[in-house]
Amino acid sequence: MNLKAFISLFAIGYLSFGKVGAQETVIKTNLLYDVTANANIAVETRIAPLWTAELSGNLNLWKFSGGKQWRNYVLQPEIRRWFCRPFAGHFFGAHLLGGQYNIGHINMDFKMLGTDFGKLKNSRYQGWFVGAGIAYGYDWVLNRRWNMEAEIGFGWTYTRYDRFNCAGCGQKVESGKKHNYIGPTKAAVNLIYVF
């Protein structure tokens, strides 16, 4: 998917959330994604007294030196139920996620929840994924216009991918491989601007 299509899908999703008004909409960036060179943005809108809807997206089109690449795009809509009032305090969320990736030639020699990230060193994986999860978070009000938020999500992801021998030009080794993953599906430390 190209950048133009990604931006179009993000805009359509945001506009479908409904009206936008003062103290009803925030825009945010996930600082954890920023550190990993993933451009990202999220828009969250109040849809009922204690409910909000968020659409987040991130995009990484960078290639790194030595044939390394971690290219992806992800769209992640979420609905949230706040304990006291939107954009302040505790909340629970339910989210969907989906996207595409092209990752490889990266030395990450560890295993987590059945996934062996060490395979990324000598292989490149290209595919798509979809999933769903639940989340818990907390939003700290810093002042009238700025907030900080932390969130962690857990769920299920299904992916289909092809595996190649090297990051740039390798021969296809596996085709149409399927994988189910259960574990963290969201981690965020968001810097938020409140309209």
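How do strand β5 and strand β8 pair, and over how many bridges? They run antiparallel, with 16 bridges between β5 (residues 89-104) and β8 (residues 124-141). Strands here are DSSP runs of E with at least two residues, numbered from the N terminus, and two strands pair if DSSP finds at least two bridges between them.

Quick housekeeping. This is a predicted model, where local features need pLDDT of at least 70 and side-chain atom pairs count only at pLDDT 80 or more, while totals for chains, interfaces and linings use all residues. Residues are numbered from 1 along each chain as its sequence is written, and side-chain values use heavy atoms, leaving out hydrogens and water.

Okay, back to the strands. On one side of the story, β5 pairs with strand β4 (residues 69-82), antiparallel, over 12 bridges; Val-74 stands opposite Gly-99 there. Leu-96, meanwhile, has Ala-132 in β8 as its bridge partner. Then β8 goes through a four-residue hairpin into β9, and those two pair antiparallel over 18 bridges.

Thr-185 counts as buried because its relative accessibility is 10%, and buried means under 20% relative accessible area with a 1.4 Å probe, protein chains only. Leaving aside residues up to four places away in sequence, Thr-185 touches several others, including Leu-97, Ala-132 and Phe-154; contact means heavy atoms within 4.5 Å.

Technical notes: Buried < 20%, exposed > 50% of the residue type's maximum accessible area, 1.4 Å probe, protein only.
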